[in-house]
Structures are given as C-alpha cells and as structure tokens.
Amino acid sequence: MKRISRILLTMICLSVLIISFVSAGCGLMRESSGGHGILNLYGSTPLTLDPALSLDSSSHGYIVQIFSGLVRLDEKLEPVADIASDWQISSDGLVYTFNLREDVSFQNGSKVDAYTFKYSWERACSPITGSQTAETYLGDIKGVHDMLFGSALDLSGVQVIDDYRLQVTLEKPCMAFLFKLTYPTAYALDKKNVESGKDWWKKPNGTGPFKLYSYVEEKQLVLEHNSLYYGNKAKLNKVIFKLLAGIPINMYEAGEIDVADVSIAFYDRVTDASGSFSSQLVLTPSLSLTYLGFDITKAPFDDPLIRQAFSIAVDKEKIAKLMFRDVVAATGGILPPGMPGYNTSLTTLSYSVEDAKTLIAQSKYGSAANLPEIVVTVSGYGGTIPSDLEAIIFDWNTVFGIEIQVRQIDPMLYNYNLQQEKDNMYYWGWIADYANPQNFLEVLFSTGATYNIGGYSNPQVDSLLSQAASSVAINTSLALYQQAEQLIINDVACIPLWAGIEMQLVKSYVKGYQMNALGLVPLNEVYVVQ
C-alpha cells in the first residue's frame, strides 16, 4: 500500500503510542437501537476516506469498513463474491464477466450497478484524481495506462453489458487479478456523492457494513451500523474511534478501551504470568516486512559492493534478540513466512564484519572514509527514531567508522511523499494487501513500479515476474516468484530486516475480534457482552 506495515509503526512508536491499522481500541456496551452496543476504539486521524487516494494505514482502516467492492477476501485470504454474485473467466484468462447482486444499495438507498463500477474505476484512473494506487491495483485492465497518462478518457477494457453485468478485459492474463480487486481502489463510489465537493469524503455514501456518523478532526471519528448493508450486518450500533487520545495500553488498563496494540516496549508487562494482561494477549503473525531501502540511482548505493557491505554489517539476529525479544523475527528474504511461495531454501546474506570491510575496500571508493554523505529517510518527528534503526546505525558506525544522518518526514505524510523526498536510504515497511507473492516482489521491485521507491531494475527479474503473474499453474507461478526473489536478494536491492507479528490485548467480553494476517479486522463481526 502504499502503506507502512503495522510492525513498522510499532517500531517507530516503541515508547510513545501505536498508530492503529484498523482498530486498536476500547469498548463499552451501552443500550442502543439497531445494534448490540457501542465500542470505543483508539484510532488515528485519517488523511482521507477516498478509496482512490488512501495510502496510509489509518485512512485505509476506516475505508474498508465504509466501502466495499465486487470481491472481498475471506478468512482464508481467498477472493470471494461480494457485490458481485459470481463471475466467469474466458479460457484465455483475459475476459472477466461479473454478475452483480441486484439487492445492493449505497447507504442513502440509491442503487449500485455495473455503471457504478465503470465510473469508480475510471475516476481512479483519471489523472485529475491523482491516485497513486490505480496503476498497481487496476493496471492489468486494458486501457488503464492510456487513462493514467491522459491519452484516453475512459477505460476501453471495462464495458457495461447491462445494469448488472460488467465485462472486464485485461492486457494479459493475471493470476492475482481478483485479489487486486479486493483493494479499496476498486471499491464502489457514488458519483453524486463524489461530485458534491472536494470534501465529499467527510460525508461518504458507501456500501460497507458501517457508515460515517460523525468526524471531528484530531478528536473523534464515529462509525454507525449500516442497516442497508447487503452482507452480514454489524452487530454493533456504533464504533467510536478516539483519535490519538493517549497511550493505548494505559487506556486499556484504565478500562477505557477493550483492544490495544502492544509495542515491544511493554513485552514484559503483558507477558507477566502474575499480571492481569497475559491471559488477554493475542499474537497474530502478519504478512509484513520491514526493510531498509537503497536509492540505487544515487551514490554510494549505485555500487552493489557498497549495498552488500552495508547489509552484512548489521547484526540482525542480535537486534531481534535484544530489542525485540525474538518476538519479531529477523529475515533475509522479501516474502514473509506464511506467504505462498515462501522459500525456506533461499540463499541470503550473512553477518560478517570482516567481509563488510573487505567489500568497502574492493568498491570504487576504496575506503569508508571516501563515501559520500549517507542519509536515511524515516517516518517520525521530534528527533525520536525507531530503536532498531538506531541499533543498525550504531553497527554501521562501529564497523565503518562513519556518521550516518537521519532525516524525518511527518508520519502522516510519509507514504505520500517518500518517493519525492527520499534520501539515499529509507526505512520502510509493507504489509500484504493480498496473499500472493506479486504483492511484494512485483509491486516493490519490478522496474518502474509505483512502490519501487529505490529505483531497482533487473530485466531478468522483470521477465520472471511477468511470467509468474500470467501463469495459470500455481506451482509454476510460485517457482518463478522464488527465482525472482533470489535474484533480488543477490542484487541486494534492499536490506530485509523483520517479518512481522502483531501483539494485542483483547478484553474477554469482546467477541468476534479476529485480526487476519493482513492486519484487518471485520468489525461487523465484533460484539461485546456484559
């Protein structure tokens, strides 16, 4: 996404507070009509609730509750019918014909039909909209690139057959196409709502299980159950997000909140068997990766020897043990454990101080003293940087005897501005939007990809990724992705750091609260009991 992973946010805010991905928060049951109570949650201020524009975790977390699309991911992270009742795929894998449910309406009662999706997708692809996600998640559709670059006014690959049938033609077969349609960029939007003014998203008319009841910037955002929702209706009447209202774990302990994200700084506190928290602690492995990216187009990291030297000078295993108590696992690959195609035989780089020094000497610089200034771009403010990054910089200082500078970007703007503002290194994280290797390897490392922040390019990798994406045989596809991942690691396109895990405290009276490996919680399934 487009977005920093939850585990990265946890690292950034170890001693302060956690920015919630979906709903780290609190809940009290109260009498209400149409639902089973009110759940008060901790949250962060959204930059937007526009599905075509959202890049940050906070905005995304609200959007998935208010809007919906043709397909969604089930509990096994497989695409299943949502607004679409079913679909047919042509034998060559190029044409998808979606049959839409006829009982779906927006929250104001207006109908949702095939024209709704044609409008929504064309709006996302219009240069006027300025979406940074349209190419990634809709780019397989014929005509998307023509619209994005201003040479067409509509999507040639999207045709309305009748009110409730939509035909979508792809440029080439894409095994993950249905997965991509589960991302908010493909959600249904009400044209009248969008065209009501630039701040339309503050009064969104969506199709999801919740609707926006009220929003007071920097203070509170309230979702209310949508009685017209076509799926499993919300079991809660309202969900109240208290925006940046304090430190979640303290609010949780005070009885103000029922679910709290927990940073590693509080690990001893929440795992103490004699305390009250350990029985309420829930650990959820996430399909996420935190890594240090190189701007390969700039010195000194245009030199692969320098990239390799900096990679093997970091004692990741020691950092994981001492700072993350082995709760967060060090990794040498791109794909996280649990991702289809995860390669246990991947050849990765090993920590070696002597080899790191040798590589610097063999590089065109000859000595670390001759390296140009190195600056790491990171999300944050106030001079506080993630503790793991601080430890990594200490390793580099110790091994190479050089000073590393850090430059911070406002966390709310980091995802939106990093491409333009990055220095020669950047601290970054990614959590999967769908459980397919493409969402990491192609999205982050294919030539010219929107989220290929560092400008990495390898024609052989591009070819493997293209073959893997279009292969209809899952085993063949995964084998090709593994080959591509190995090449990316061989090229040292980045320094993989940590595979993620989520730690949360959940009160015993909160039922149905189940985070998946993408960090998402279907809040319409949550309820509280006395």
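Mentor: Let's start with residue classes: Ala, Val, Leu, Ile, Met, Phe, Trp, Tyr, Cys and Pro count as nonpolar, Asp, Glu, Lys and Arg as charged, and the others, Gly among them, as polar. We're looking at a predicted model, where local features need pLDDT of at least 70 and side-chain atom pairs count only at pLDDT 80 or more, while totals for chains, interfaces and linings use all residues. Residues are numbered from 1 along each chain as its sequence is written, and side-chain values use heavy atoms, without hydrogens or water.

Trainee: What volume does the largest pocket have, and how do I read that?

Mentor: A pocket is an open set of points on a 1 Å grid over the protein atoms alone, where a 1.4 Å probe fits, with protein on both sides within 12 Å along at least five of seven lines; lining residues have an atom within 4 Å of a point. The volume is the space filled by probe spheres on the points, which are joined across faces, edges and corners. Here the largest pocket comes to about 830 Å³.

Trainee: Which residues lie nearest the centre of the largest pocket?

Mentor: Out of 35 lining residues, Arg72, Leu73, Asp74, Pro522 and Asn524 lie nearest the centre. Helix H2 (57–66) and strand E3 (71–73) are the elements that give two or more residues to this lining; helices (H or I, at least four residues) and strands (E, at least two) are DSSP runs, numbered from the N terminus. By class, you get 17 nonpolar, ten polar and eight charged residues in the lining of the largest pocket.

Trainee: And what lines the second largest pocket?

Mentor: That pocket, at about 500 Å³, has 23 lining residues, with Glu135, Asp140, Lys180, Glu442 and Ser446 nearest its centre. Two or more residues come from each of helix H4 (134–138), helix H15 (438–445) and helix H16 (459–470). H16 gives the most, five residues.

Trainee: Is Asp140 buried or exposed?

Mentor: Buried means under 20% relative accessible area, exposed over 50%, partly exposed in between (1.4 Å probe, protein chains only). Asp140, at 13%, is therefore buried, and so is Lys180, at 4%.

Trainee: How many salt bridges does the structure hold?

Mentor: There are 16. In one of them, Arg123 meets Asp50, with N and O 2.6 Å apart at the closest. Arg123 lies in helix H3 and Asp50 in the loop between strand E2 (38–43) and H2, so this pair ties together parts 73 residues apart in sequence. Both Arg123 and Asp50 are buried. Asp103 and Arg101 also form a bridge, at 2.9 Å from N to O, but Asp103 is partly exposed at 48%, as is Arg101 at 25%. Lys111, Asp113 and Asp163, meanwhile, are linked in a salt-bridge network.

Trainee: Where does Ser105 sit?

Mentor: Look in the loop between strand E6 (95–100) and helix H3 (114–125). Ser105 has a relative accessible area of 13%, so count it as buried. Contact means heavy atoms within 4.5 Å; beyond neighbours within four places in sequence, Ser105 touches Ser110, Lys111, Val112, Gly206, Thr207 and Leu228.

Technical notes. A salt bridge is a side-chain nitrogen of Lys or Arg within 4 Å of a carboxyl oxygen of Asp or Glu.
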